[in-house]
Amino acid sequence: MKRKAVLRGIVGMPVGILIGYAMTVLLSLGWGSGEYLPCAPELTARMGSEMGAVLLQAALCAVLGAAFGASSMIWEIERWSIARQTAAYLFATSLAMMPTAYLLYWMRHSLAGFLVYFGIYLLIFLAIWLGNYFAIRRSIRKMNEKLK
């Protein structure tokens, strides 16, 4: 199981970079006023150069992707309830997401900024979780109908 988690983490690294890049495109469309924003301006200022900021962002997105990939193994622990799996996965991914978001200036550096970002993260998590839950439930219902 540990080997499988490591492999998923490795596969998650380029996926994390890809998602991080896609987010820069989407955010630039929304807030770039026609300009491409490869990272938060605060991060560029903090790092001293745009290249340094982009490299840090790529590295942390890779780590984030690895964390999500490895954490996906939680869903395969069959002796755990769905509630325990959900709580463990949320906790594990939050431990990766929140420091990354803070370091990359994806959130304001204040308690309010943290709470707003975490709230958005929870809403997205819940939406994805509910979508998966109902899709799996529908699939199980169809399988049961075929068995009848």
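Author: The model is predicted: local features need pLDDT of at least 70, side-chain atom pairs count only at pLDDT 80 or more, and totals for chains, interfaces and linings use all residues. Residues are numbered from 1 along each chain as its sequence is written, and side-chain values use heavy atoms, with hydrogens and water left out.

Reader: What makes the pattern of the protein α-α-α-α-α?

Author: Helices (H or I, at least four residues) and strands (E, at least two) are DSSP runs, numbered from the N terminus. The protein has 5 helices and 0 strands, and its pattern along the sequence is therefore written α-α-α-α-α.

Reader: Why are helix 3 and helix 4 called roughly antiparallel?

Author: The axes of helix 3 (residues 50-71) and helix 4 (residues 82-103) cross at roughly 175° and come within 9 Å. Axes are lines fitted to C-alpha atoms, for helices over the stretch in contact, and angles run from 0 to 180 degrees between N-to-C directions. Angles under 35 degrees count as roughly parallel, over 145 as roughly antiparallel, 65 to 115 as roughly perpendicular and the rest as oblique. Helix 3 and helix 4 are therefore roughly antiparallel to each other.

Reader: Which residues of helix 3 and helix 4 meet?

Author: Contact means heavy atoms within 4.5 Å. From helix 3, Leu60, Leu64, Ala67, Phe68 and Ser71 take part, and they meet Tyr89, Ala92, Thr93, Ala96, Met97, Thr100 and Leu103 of helix 4. The residues of this contact comprise 9 nonpolar, 3 polar and no charged. Here Ala, Val, Leu, Ile, Met, Phe, Trp, Tyr, Cys and Pro count as nonpolar, Asp, Glu, Lys and Arg as charged, and the others, Gly among them, as polar.

Reader: How do you know that the span of helix 3 is close to the one expected?

Author: The expected span is 1.5 Å times one less than the number of residues. Helix 3, with 22 residues, reaches 31 Å from first C-alpha to last, close to the expected 32 Å.

Reader: Why are alanine 53 and glutamine 85 called buried?

Author: Buried means under 20% relative accessible area, exposed over 50%, and partly exposed in between (1.4 Å probe, protein chains only). Alanine 53 has a relative accessible area of 0% and is therefore buried; glutamine 85, at 7%, is buried as well. Alanine 53 is found in helix 3 and touches Cys39, Leu43, Thr44 and Met47, not counting residues up to four places away in sequence. Glutamine 85 lies in helix 4; leaving aside neighbours within four places in sequence, its contacts are Ile74, Trp75, Glu76, Ile77, Glu78 and Trp80.

Reader: Why does tyrosine 105 count as partly exposed?

Author: The relative accessibility of tyrosine 105 is 21%, so tyrosine 105 counts as partly exposed. Its place is in the loop between helix 4 and helix 5. Phi of tyrosine 105 is near 60°, a positive value in a residue other than glycine.

Reader: What makes up the largest nonpolar core?

Author: A nonpolar core is a set of buried Ala, Val, Leu, Ile, Met, Phe, Trp, Tyr and Cys residues joined through side-chain atoms within 4.5 Å. The largest has 9 residues: Leu64, Ala67, Ala96, Met97, Met98, Ala101, Met107, Tyr117 and Tyr121. Helix 3, helix 4 and helix 5 (111-147) each give two or more residues to this core, and helix 4 gives the largest share, 4 residues. A second, separate core of 6 residues includes Cys39, Ala40, Ala53 and Leu60.
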